[in-house]
Amino acid sequence: MKVEDVVCPFCGCLCDDLVVEVENNRVTSVENGCTLANEKLMEDHRLKNPIRRERGSWKDVSYDAAIQETAEILLDADRPLLYGWSGTHGEAQSVGVHLAELLGAVIDNTSTVCHGPSILAIQEVGHPGCTLGQVKNRADVIVYWGANPIDAHPRHMSRYTTYADGFFVKDAFKERKVIVIDVRKTESSAVANEFVKVDQGGDYAVLSALRAIVRGKGDLIPVKVAGVTREQLFRVADICKNAKFGAIFFGLGLTMSPGKNKNIRNAIELTEELNRHTKFTISPMRGHWNVYGSNEVFTWISGYPYAVDFARGIAFYNPGETTSVDILRRGECDACLVVASDPGAHFPRACAEHLARIPTVQIDPHVNATTHLATLQIPVAVTGIDAEGTAYRMDGVPIRTRKLYEGTYPSDLEILGKIYARVKEAKGS
Ligand code: SF4
């Protein structure tokens, strides 16, 4: 069976033009997808059934027993943490927030280790963003700052920027100027018109220098700023000021380098400065396919986008205190539910060690680094393959992912719904 207009559930581009062949409940071929999409859609290495760790080895358990045990672990805990959520659909994320509220738990998503600083900056100074469609059709200058799309978002350039012809940009490759700003050469910098190499940790200084030049204070700029020559800074400022429509995309090279949220605030303020001359926008390159959705869903329900603590009976948000890395590093939580993410692979060692000490339940289709720290793992259907639901693209556009075949695994929504029902029943609420 051939399925068209399939949405790729891998990165924040959420490409919605894939064509896949399905045979005997397996994806056998993928057209239009990048290598990351092909690997995800065609993989065949799922965990077969729930497993529980018993005296150092794994034992198979039924779904019902695994759901009951998860509910009991969460009910027994004084300070449970519900972490992950970026690799599942909005409907399941919504149940997660309600479960956290019922338990008085902390719920946090992977923004805590990626674009959390972007959110903090946006809360301070706003977000002059736009959709990817606007970029494709209008932008004649693109800036990638601390991002390597060819590696992390392989179709970003071909669908929206460097190679994507648009309504007002008829021959994108010739008409669009692409500037890559990074601490090292990358595959993306190799196709840029201008590559700006910044010294490690020098982004804030370079952003400030560009803001000064755009504001007309160029005489204050020294010969070099964080490894970038005065001439190149003026050239880049000139390209940006002369754009008809410019778009800055920034990645973890900016959010997770020294300066963090202050880098992003400075980049947003540079964008505002450029808007005195022309139209300019700025957007984060969101990684997980539905990390944007986790921020949206958490915010609708609790008022906060990540690191939400319900211990006081109301939602409390204080990144640096209620963020999962900080809670785990302090050894504060006594049970953890991990959904659709892999903190074992991405968190600092002290956090991973604490996850291994406490009861940790993982809801995920695959064995990953977190499995080795977990007490219990419940495999589920993969959203966009054998489960469906709503996701948010990196520009905030909601897109419905599709089910390609009727599989045998329950979805995240089903499992979380059952855990929620048992916790609710036990609490008599
Ligand atoms: S760029 Fe991202 S969303 Fe698009 S096909 Fe590749 S992995 Fe999937």
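**Close-up views of helices and sheets**

**View 1. Helix H3 passes helix H18 in a left-handed crossing.** Left-handed means that the near helix is turned anticlockwise from the far one by less than a right angle; clockwise would be right-handed. The model is predicted: local features need pLDDT of at least 70 and side-chain atom pairs pLDDT 80 or more, while totals for chains, interfaces and linings use all residues. Residues are numbered from 1 along each chain as its sequence is written, and side-chain values use heavy atoms, without hydrogens and water. H3 covers residues 90-103, and its axis comes within 9 Å of the axis of H18, crossing it at roughly 20°. H3 is therefore roughly parallel to H18 (under 35 degrees; over 145 is roughly antiparallel, 65 to 115 roughly perpendicular, the rest oblique).

**View 2. Residues of H3 and H18 meet in a contact.** Contact means heavy atoms within 4.5 Å. H3 contributes Glu91, Ala92, Val95, His98, Leu99, Leu102 and Leu103. From H18 come Asp412, Leu413, Leu416, Gly417, Ile419, Tyr420, Val423, Lys424 and Lys427. Of the residues in this contact, 10 are nonpolar, two polar and four charged (Ala, Val, Leu, Ile, Met, Phe, Trp, Tyr, Cys and Pro are nonpolar; Asp, Glu, Lys and Arg charged; the others, Gly among them, polar).

**View 3. An open sheet of nine strands has mixed pairing.** The strand order is S5-S4-S19-S18-S17-S6-S7-S15-S16. Helices (H or I, at least four residues) and strands (E, at least two) are DSSP runs numbered from the N terminus, and two strands pair if DSSP finds at least two bridges between them. S5 (57-60) and S16 (316-317) are the edge strands; each has a single partner strand, so one side of each lacks a neighbour in the sheet. S15 (residues 308-309) pairs with S16 in the antiparallel sense over two bridges. Phe316 in S16 is the bridge partner of Asp309. H18 (residues 412-427) lies across S17 (335-339), S18 (360-363) and S19 (376-378), at about 145° to S18 (axes are lines fitted to C-alpha atoms, for helices over the stretch in contact; angles run from 0 to 180 degrees between N-to-C directions).

**View 4. An open sheet of five strands has parallel pairing.** Its order is S10-S9-S8-S13-S14. At the edges stand S10 (194-197) and S14 (279-284), each with a single partner strand, so one side of each is left without a neighbour in the sheet. Neighbouring strands here are turned by 15° against each other on average, direction ignored. Five bridges join S8 (residues 141-145) and S9 (residues 177-182) in the parallel sense. Trp145 stands opposite Ile181 in S9. Helix H13 (residues 260-274) lies across S13 (245-250) and S14, running at about 160° to S14.
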